Amino acid sequence: METKSVLELRAGPLTMTFDASNAFIRHIRWGGQELVRAIYGAVRDHNWATIPSAITNLKTELGNDSFRITFDVTCCEREIDYFWRGSIRGDPSGKVTYVFDGEARSNFQRNRIGLCVLHPVEDCAGRRCAIEHVDGSREIGTFPRTIWPEQPFFDIRAIEYSQVQIRCEGETFEMEDQRNYGDASFKTYSTPQRLPKPAPVSVGQRVRHEVSVTLTEHPRIIVADRPKFSFPNIGRRIDIDLSRPDFAKALEHIAEPLHIAFTYSSEDELKKLAEAVKRIKPNIAVWLVYHKNETCTSTQSLLAARKALGAGAEFAGGTREWFVDWNTQRPPKDYPGMLAYAATPHIHQPDFTTMIENIAGLAHGPESAKAFSDNPVVISPITLSGPNLP
Amino acid sequence: MAQTGNVHSLTLEQRVDLGLSDFKPVHVLATQSSHPLVTDALAMVDPEGHRLTLIVNFTDRALKVSLNGKEQTVPANQVLRVGPA
């Protein structure tokens, strides 16, 4: 059945369009969210020129929540004569499958033949994603927020982000950041760039690619295969009040390594603390140093504490309050210690749902700190019961 | 937070039982949840390379969760231990 050029399609909860002029599936959406910008087949010659395609024999079966489209494509120019048959199917479950089944009818040189997937920059840049590699291993990564010069991901078999899984079968795929060329998309394509180009294509040589897009309605958790980061030390914190004459008692009879937090206002207080440490020899993992007159401990104040208390433990300076203090009073690059701040998932609202929503937000502090410091952060204390400023 | 690779240490104001008395994690494996407001996971590795994954169900109903393709059932408002393996 012949149809109009652009078809509105539905696969269960997913909507999209099919452009019969070039066989692009475009704008796979779930509600208002664009999950996939486009899926299309391409034949590109030894100069990266895309060979024009002529689409014939288009057949469509369009239902209320499913569809099936088949068509033939010929790509002919100069010495190049390539034929591929396309089939696209949308299931009521929310799965879209695009098959490219091609065969060369002439000998020529190519840089790429097959399916490409475009991922929208607006929804993907900065978004975490899970990659299944062709060897079955798993990687958790992030779509680059700024334009990435190299391929963000290699040896791709499947990509998951948001609630969508995209499987790419038939060849090894990798991804490039098309913003390098002014496009508003990331592209997953076949034939890794590391392979020799152009590659010869012989008459009868076949390529079969299958890309499926599946909406993940049931929760899925992907765990990367390789350890990536050290597990943070979960320490025990003791706050000592240097204004009290008996402050040193808090340091006595403690075997486990401690995070010792104190606020000072004079060299004399540091001297008394140093004397107590010399006498008691507590097991100290980290000194958390605050100054009475500073929102965030200054370089000068932290150096004074280091000088008084000596080596043997690590030092952190900072704020007894939130990340905002470090973010608005950023430390110099040569800040002489780690950056301390407190955290809670419900400063603004103390209910359970808010806490769960804000778990993801807590990761943005240490991530953002990388932008202005090479020193790691010490998050202390983490308060679950609600704000309780020391 | 651990998955940022930029946290040296942390302290908790309230005592929280993470169920790690018999497991000494040295590394964190990155995870991704398709439904982070419903379920999420903390995956860890001990010095011998054994892996332990804690899956949390934030909802008040039992939840079927696919963990690397293998289905797990997590009781309502509970943490499910998978491993060490």
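Modeller: In this predicted model, buried residues make up 42% of the 85 residues in chain B. The chain has eight strands and zero helices, and its pattern along the sequence is β-β-β-β-β-β-β-β. Its C-alpha trace spans about 35 × 30 × 25 Å along the principal axes. A compact globule with 85 residues would have a radius of gyration near 12 Å, and the 13 Å of chain B agrees with that. Among the contacts in chain B with a separation of 6 or more, 29% are between residues 24 or more positions apart.

The next step is the contact with chain A. Here 48 residues of chain A are in contact with 42 residues of chain B. On the side of chain A, the elements that give two or more residues include the strands S10 (128–133), S11 (138–142) and S18 (220–223), as well as the helices H5 (352–362) and H6 (364–369). Strand S25 (377–382) of chain A is also one of these elements, and S25(A) gives the most, with six residues. By residue type, this side of chain A divides into 27 nonpolar, eleven polar and ten charged residues.

One open sheet of four strands has the order S3(B)-S18(A)-S6(B)-S7(B), and its pairing is mixed. Its edge strands are S3 (31–33) and S7 (70–74) of chain B, each of which pairs on one side only. From one strand to the next, the twist averages 25°. Within this sheet, S18(A) and S3(B) run antiparallel and are joined by three bridges. Val223(A) has Thr31(B) as its bridge partner in S3(B). A further pairing between the chains involves S20(A) and strand S1 (residues 7–12) of chain B, which pair in the parallel sense over three bridges. There, Ile234(A) stands opposite Leu10(B).

How many of the six residues of strand S24 (residues 338–343) of chain A are buried? Six of the six are, and the strand is mostly covered. In a regular strand the side chains alternate between the two faces of the sheet. In S24(A), Met338(A), Ala340(A) and Ala342(A) point one way, while Leu339(A), Tyr341(A) and Ala343(A) point the other way, and all are buried.

Helix H5 of chain A, one of the elements on the side that touches chain B, contains Ile359(A). Ile359(A) lies 13 residues from His346(A) in sequence and 9.5 Å from it in space, C-alpha to C-alpha.

Last, the layout of chain A as a whole. Chain A is divided into domain 1 (6–215) and domain 2 (236–382). The C-alpha centres of these two domains lie 50 Å apart.

Definitions and conventions. Residues numbered from 1 in each chain as written. Chains lettered and ligands numbered in written order. Predicted model: local features only at pLDDT ≥ 70, side-chain atom pairs only at ≥ 80, totals over all residues. Domains from an automatic or database assignment. Contact = placed C-beta atoms within 7 Å. Nonpolar A, V, L, I, M, F, W, Y, C, P; charged D, E, K, R; others polar. Pairing = 2+ DSSP bridges. Buried ≥ 20, exposed ≤ 12 C-beta atoms within 10 Å, placed from the backbone. Axes fitted to C-alpha atoms, helices over the stretch in contact; angles between N-to-C directions. Rg over C-alpha atoms; globule rule 2.2 N^0.38 Å.
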